[in-house]
Amino acid sequence: MKRILAGAVALAAMGAGSAALAQDIKIGVLYPTSGGGAIYGGPAMVGHNLAVDEINAAGGINGRMLVTVARDSKLNPAAAASAAKEMVTKDGVDVLMGGLSSAVGLAISEVAKQEGIVYLATIPKTIQMTTSKLHPHVFRTSSNTDFEGDAMAQLIKKIGGKKVCDIQLDYAYGHDLADGLKAALKRHAPDVEVVLDLRPKLRATDYNVFITQIMGAGCDVVTSGLWGSHFVDFAQQASPFGLFNNIKAYISGGEVASHEIAGKMGDDYPPNVISNTYELWYHAVSPNHKVFQEKIAEKSGTKETAMWPVLSYTGVKFYAEAVAKSGGTKSEGIIKALEGMTIDTPVGPRTINAADHQANTGQFWGPMVKKDGFSYKVMDPVTYIPAEIK
Amino acid sequence: MTSPLSKTGMAACLIILILCALTPLLQSDYLIDVVTEILIVALFALSLNIIIGYSGNVSFGHAAYFAIGGYVNAILLTTYGWPLLPSAVAGVLAATLTAAIVAYFCTRLTDIYFAMLTLAFSMLVWAIVFKWRSLTNGDDGFTPVHVPAMIDDRTAFFYFTMIVIVVSIAVLWVITHSAFGRSLVAVRENVGRAGFVGIHTRRMRWQAFVIAGFFAGVAGVLFGMYHRGMYVESAFWTQSAQVLIMTLLGGIYSFFGPLIGAAVLFMLERLTNEYTEYWPTVLGVILLAILLFQPDGLVGLGKRIKNKFGGGGSP
Amino acid sequence: MLDLIREFSPGLAILLTNPQFAFIQLLNSISQGMNLFIIAAGLSLIFGVLKVINFAHGVFYMFGAYVVHTVFMDWGAPFWVGAIASALALGVIAAIIERTLFRQIYEAEHLMQLLLTFAIVLIMGDLAKVIWGTEQYSVSYPASLKGATDLGITFYPSYRLMLCIIGPLILIALYWFAERTRWGRMTKAATQDREMLAALGINVPLIYTSVFILGSALAGFGGALAAPFSSPVPGMDATLIVECFVIVIVGGLGSLWGTFVGALLYGLVFNFGSVIYPNGQDVFAYLLLLVVLLIRPWGLYGKPEAGGH
């Protein structure tokens with residue numbers, strides 16, 4: 001016991017020591033760098049580091065350098081909350097950033113609220129974060145489930161779907177996307193009927209029981225937000241049943257049109273998929289965008305880059321701009337600066353709404369097709385659906 | 001174990017207590033958080049030891065009562081706006097009641113069957129918490145928990161936790177050192193003989209389980225308010241295994257053993273996680289070391305060292 | 001009436017009106033149950049002889065899934081070579097663990113045994129991360145079983161049908177081993193009176209090792225078979241081991257036939273439960289367990305504990 005107390009005192013001294021180096025601006029980032037989420041967390045860190053390096057190379061912000069304190073959020077809300085809290089109380093970070101998975105985002109947001117520190121959510125899309133669980137310290141630079149649901153409803157209307165089966169993961173993102181989609185359908189296509197709601201668990205791998213239910217329900221459109229490996233597993237298991245061939249379209253949020261999924265699946269990528277992504281390495285909207293893509297390609301060691309860097313990059317840029325504008329790292333100043341702020345991102349200008357702290361981040365949507373010169377499916381045509389509720 | 005607290009023991013307890021109480025003077029939020037959390041897991045581990053160390057059964061599902069206490073209190077405070085006292089009491093009662101029902105079935109069995117059944121019941125609790133989304137918010141965790149203004153401050157909550165934990169530990173001490181505690185040990189030492197001397201072994205084991213459930217519930221209530229959130233992992237069986245290892249690490253045949261085990265393991269996990277993601281390996285190696293070389297835990301190790309170097313005092 | 005049912009449960013309505021759908025759910029239940037049976041049979045076998053509940057059985061299953069990924073997907077060997085390799089690899093790992101660690105604890109309390117196997121879970125779980133990383137892999141179906149088979153009333157994925165067949169085959173093989181071979185008779189004798197067997201000059205530790213190897217190889221094989229629909233990923237063992245526990249407790253610890261029935265019941269309850277009341281998906285399996293234990297505390301085919309402790 002004595003030894004523990006001695007250790008504890010030493011730790012306290014360490015905490016005091018780090019506070020002395022207040023010159024640097026400490027960014028606490030939480031991406032999953034171990035476990036199933038590491039394939040997203042890794043690329044996200046690439047974008048984050050690129051932004052930090054660029055800012056520091058240009059002399060920092062008002063002479064202060066950016067320092068990153070990274071912790072593993074493990075795709076687990078409890079672990080992320082503990083890590084976030086420790087970064088604030090022990091490492092003394094000035095801001096929290098990141099979060100992958102909506103549940104993790106909500107957990108970090110809660111710590112930010114308690115500790116009075118700003119949190120920039122760069123990936124989580126649950127609408128709750130900027131509605132029912134909104135507080136002054138949370139900002140979102142990614143899209144959200146209402147925007148995504150609205151885009152999906154527009155697409156259902158466009159292809160003339162009538163009977164929809166919806167399959168969503170059983171956590172904040174899945175439930176909120178289902179709600180966002182249903183609300184949007186009332187606006188865009190009130191005659192469309194959602195006949196089946198299925199909710200496999202986050203991290204589920206066996207979808208047999210769900211696939212057979214979709215087959216039995218006889219819908220012409222399947223909507224979903226199964227992301228990453230969830231989609232890979234679902235598609236592989238659904239193919240023997242001929243699920244994708246029997247419907248007009250599988251309209252999916254969750255960015256399964258991103259290259260990391262399409263490239264990984266190759267020929268196993270199913271037909272009739274319409275989906276979204278924040279970024280496509282083979283599609284640049286401006287010369288600036290092209291330059292950004294080349295930098296990321298260099299850092300990642302491949303030109304076929306993932307879509308996550310642009311999100312983490314944008315988050316750092318927003319924060320840096322807010323520090324410069326408010327002249328410091330005090331939360332009150334940062335909040336005031338971020339509300340209504342517009343910055344130029346690689347994919348175009350983005351503005352944070354002052355009322356709900358949500359950035360107008362839209363996404364690229366389109367059908368995934370086979371195209372000459374590619375060994376995997378690519379999005380064609382690419383359409384940018386802006387972030388707005390029509 | 002059944003001997004009353006010696007003078008040196010009493011003094012040591014008092015010193016530790018005072019040191020704990022002085023933590024906030026160090027002006028470190030981090031340290032206050034750490035001590036608060038250690039206190040909570042320590043009570044959790046002590047409660048489990050009532051089942052293991054005293055009645056001699058292994059529960060692999062103790063996290064269930066911890067989670068029930070935490071969730072019921074969190075939901076009543078936040079969703080239904082109850083005041084703290086009735087809400088906390090309801091949380092603890094819910095945990096106790098569930099423990100009473102589960103124990104009714106489990107105490108029909110012993111040994112492996114008992115362990116497996118406690119595990120299965122806890123997983124049922126986990127599944128219900130997971131799927132009852134409208135009430136518990138499912139996989140996302142129940143956040144935020146509304147903590148009453150009186151204790152909605154780091155230092156205030158620390159002292160609140162400390163008072164609750166110290167009182168709980170004192171009560172546990174009294175229980176384990178009463179006639180009831182002694183007969184529990186008799187049950188553990190020799191089921192057959194305890195039966196002969198007229199102790200109703202099954203009822204005793206049931207009572208021990210219920211008491212353990214009660215205090216796990218208390219720990220859970222504090223945990224939910226400390227984190228301002230409850231998460232489904234709290235009820236998962238790996239959580240039960242973790243607290244079991246804490247208890248074992250400290251030493252199951254000593255009253256304070258689990259407390260020490262909890263503190264050591266908790267700090268070790270914190271520090272390990274800063275450097276590596278391979279905390280499970282560290283934990284696994286520790287566990288192997290205890291099992292193969294030191295089955296009576298840290299407290300036993302301390303005693304052995306003390307005896308070897310001829311240190312006197314109470315055994 | 002049907003509208004009322006549809007209101008309560010759209011899944012039940014489809015089940016009642018669409019016999020083809022009901023049949024598919026039946027096949028889903030059997031295929032899932034049979035895959036779980038192969039894994040749980042190993043657990044049950046080990047318990048029956050060694051009297052150890054092996055928490056590490058889930059990790060063995062996970063290793064099986066990873067090994068088939070490496071051999072089949074990375075090295076390009078045929079799927080079945082990968083599946084056999086999984087079984088062999090786990091047999092070797094099991095032999096090492098049994099010889100070095102389990103030997104020490106056969107005489108120890110059951111708590112110690114449980115915790116020792118849990119320590120193996122922790123260490124091997126990390127070991128898997130070191131070897132295979134943390135990415136979730138997907139394993140393709142073997143080419144010959146990629147499509148669907150025409151069963152007359154419906155099409156059903158060939159791979160799943162194969163599971164429905166292979167499960168009973170393994171049951172028969174295990175029975176044959178236990179009843180018809182010298183090894184099986186000695187194993188049986190070892191569970192009843194190991195001192196007597198040792199006095200007869202039979203190498204009892206060798207019997208223990210062989211049982212542990214066989215049981216663990218089943219976990220590896222089951223993991224390999226599951227890989228195409230339970231993608232190898234860290235942590236995949238944590239829920240599976242509990243499913244296996246439920247199955248062996250429902251069936252009765254140590255009873256092979258009980259494990260078979262338990263696995264089938266699990267599949268039926270899980271699949272039909274999920275269709276009828278999707279929100280209760282995970283709850284049903286545990287409710288099944290409770291109901292069985294209320295009626296028979298030692299499981300459907302289990303024997304009461306021999307006296308107290």
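These legends accompany close-up views of a predicted model.

**View 1. Trp281 and Tyr282 of chain A form an edge-to-face aromatic pair.** A:Trp281 is buried, with a relative accessible area of 15%. A:Tyr282 is partly exposed, at 24%. The cut-off for buried is under 20%. Over all chains, the count of aromatic pairs is 54.

**View 2. C:Tyr66 and C:Trp132 stack.** A pair of aromatic rings is described by the distance of the centres and the angle of the planes. For C:Tyr66 and C:Trp132 these values are 4.6 Å and 5°. C:Tyr66 belongs to helix H4 (residues 57–74) of chain C, and C:Trp132 to helix H6 (residues 110–132) of chain C, so the pair ties together parts that are 66 residues apart in sequence. Both C:Tyr66 and C:Trp132 are buried.

**View 3. Ring pairs build a cluster with members from chain B and chain C.** Chain B supplies B:Phe60, B:Trp126, B:Phe130, B:Phe236 and B:Trp237. Chain C supplies C:Phe55, C:Phe118 and C:Phe245.

**View 4. Charged side chains sit over aromatic rings at A:Lys90 and C:Arg160.** A:Lys90 lies over the face of B:Tyr30, 5.4 Å from the ring centre. Here the lysine is in chain A and the tyrosine in chain B. In chain C, the charged end of C:Arg160 is placed over the ring of C:Phe229. The distance from the centre of that ring is 4.2 Å.

View 5. H2(A) is mostly covered, with 14 of its 20 residues buried. After the helix comes A:Gly59, which has a positive phi near 95°.

**View 6. Chain C meets chain B.** The size of an interface is often given as the accessible area lost when the parts come together. Between chain C and chain B the buried area is about 4,200 Å². Carbon and sulfur atoms give 79% of that area. On the chain C side, 45 residues are in contact, and on the chain B side 44. One salt bridge is found across this interface. The side chains of B:Glu277 and C:Lys129 meet in a salt bridge, with 3.9 Å from N to O.

Notes. Residues are numbered from 1 along each chain as its sequence is written. Chains are lettered from A and ligands numbered from 1 in the order in which they are written. This is a predicted model: local features need pLDDT of at least 70, side-chain atom pairs count only at pLDDT 80 or more; totals for chains, interfaces and linings use all residues. Side-chain values use heavy atoms; hydrogens and water are left out. Rings of Phe, Tyr and Trp (its six-membered ring) pair if their centres lie within 6.5 Å; planes under 30 degrees apart count as stacked, over 60 as edge-to-face and the rest as tilted. Buried means under 20% relative accessible area, exposed over 50%, partly exposed in between (1.4 Å probe, protein chains only). Helices (H or I, at least four residues) and strands (E, at least two) are DSSP runs, numbered from the N terminus. A charge sits over a ring if NZ of Lys or CZ of Arg is within 6 Å of the ring centre and within 35 degrees of the ring normal. Contact means heavy atoms within 4.5 Å. Buried area is the accessible area (1.4 Å probe) that two parts lose on being put together, summed over both. A salt bridge is a side-chain nitrogen of Lys or Arg within 4 Å of a carboxyl oxygen of Asp or Glu.
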